[in-house]
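I opened a new structure today and kept notes as I went. Here is what I looked up, in the order I looked.

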There are 2 protein chains.
Amino acid sequence: MRNTKQKKLVYDIIYSTYDHLDARSIYNQAKLEIPSISLATVYRILNELCDLGKVLRIATDNEDNFDRIDTKHAHFICSKCNKIIDIFDYTLKYKMPDNIVYNYDLVFHGICNDCKRNEVK
Amino acid sequence: MRNTKQKKLVYDIIYSTYDHLDARSIYNQAKLEIPSISLATVYRILNELCDLGKVLRIATDNEDNFDRIDTKHAHFICSKCNKIIDIFDYTLKYKMPDNIVYNYDLVFHGICNDCKRNEVK
DNA sequence: TCCTTAATAGTAATGATTACTAATAACAGT
DNA sequence: ACTGTTATTAGTAATCATTACTATTAAGGA
């Protein structure tokens, strides 16, 4: 495993924000720094970072989003505008005697505050 | 909204099992009953049933899976064999003052019992 | 500096899902 | 039951995120 400037850049872009970026956005940002970077390279690096547990993948109905590893938290996805909001205020307890659990994804679905307001208007 | 035999069939296939079927499997089963049914029709009906809250969509890394609406439960997806296992033994509490929550998806990731055993061999 | 080979850039391919359109069939009104 | 309207379907083309492929480049150890 070699450390390339492409890997460092993709990692830095994800960790430069608390937003949840998709591969295309990361690619567009990366091109500003390394114009020759390839979209396929971004995808390959994203897979590698996820496998190494350095980046979190959020699977949605359309495209995947990528997030920094942070305090463990859940996500709220608005069914109207598809915005993703971090959720910290929850507790989860579980028992799983048979299977080994490495991680979990908790995603709430509904209508966000902004869309709720716009509906009333 | 009209009730067609295609809609009834797709619904019945999903409710005939506790398995989590993908669109292609549902299509293949449906063809046994209605050979002329179209894959696009299956997708359209699946979207409709999900929107109506009659069927549950489980988004995974590759293709979506569909499940009957049942006692609310979580899922465990094995990272090795991609098997999906229903999980009932958990408790979740949350506060969401700003957003309206309609539903949540809870997915555990890890290694299932079968794959764990096979690794040891 | 040199060599090995992992990683990249660029592009073609894949595969799930959706869009489109002419033909069909629910079903409300008669 | 018959008819007309129009939602739905079958079949296929298109879309779009992601992956595969390959010649070229560049980490990084010796």
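Predicted model: local features only at pLDDT ≥ 70, side-chain atom pairs only at ≥ 80, totals over all residues.

**Ground rules.** I count a contact when heavy atoms lie within 4.5 Å. Residues are numbered from 1 along each chain as its sequence is written, chains are lettered from A and ligands numbered from 1 in the order in which they are written, and side-chain values use heavy atoms, with hydrogens and water left out.

**Entry 1: Phe108(B).** I listed what this residue touches, leaving out residues up to four places away in sequence. From chain A the list holds Leu92(A), Tyr94(A), Met96(A), Val101(A), Asn103(A) and Tyr104(A). From chain B it holds Ala74(B), His75(B), Phe76(B), Ile77(B) and Ile87(B).

**Entry 2: the core.** I then looked up the largest nonpolar core, which has 26 residues. Such a core is a set of buried Ala, Val, Leu, Ile, Met, Phe, Trp, Tyr and Cys residues joined through side-chain atoms within 4.5 Å. Buried means under 20% relative accessible area, exposed means over 50%, and partly exposed is in between (1.4 Å probe, protein chains only). Which members touch the most others? They are Leu106(A), Phe108(A), Leu106(B) and Phe108(B). Strand 4 (74-78), strand 6 (90-94) and strand 7 (100-111) of chain A each give two or more residues, and so do strands 4, 6 and 7 of chain B. Strands (E, at least two residues) and helices (H or I, at least four) are DSSP runs, numbered from the N terminus.

**Entry 3: the interface.** I found 33 residues of chain B in contact with 33 residues of chain A. The two chains bury about 2900 Å² between them, 56% of it on carbon and sulfur atoms. That area is the accessible area (1.4 Å probe) that two parts lose on being put together, summed over both. Asn99(B), Phe108(B) and His109(B) supply 17% of what chain B buries against chain A, more than any other three residues. Strand 7 of chain B gives the most to this side, with 12 residues.

I also counted polar links. There are 18 residue pairs in polar contact across the interface. A polar contact is a pair of N or O atoms within 3.5 Å; within protein, one must be able to donate a hydrogen and the other to accept it, and residues adjacent in sequence count only if both atoms are side-chain atoms.

**Entry 4: a hairpin in chain B.** Strand 4 and strand 5 (residues 84-87) of chain B run antiparallel, joined by 4 bridges. Strands pair if DSSP finds at least two bridges between them. The hairpin has 5 residues between its strands, and Asn82(B) in the turn has a positive phi of about 65°. His75(B) stands opposite Asp86(B).

**Entry 5: His20(B).** Is His20(B) buried or exposed? It counts as buried because its relative accessibility is 14%. His20(B) sits in the loop between helix 1 (5-15) and strand 1 (21-22) of chain B. The side chain of His20(B) makes polar contacts with the side chains of His75(B) (3.3 Å) and Asp86(B) (2.7 Å).
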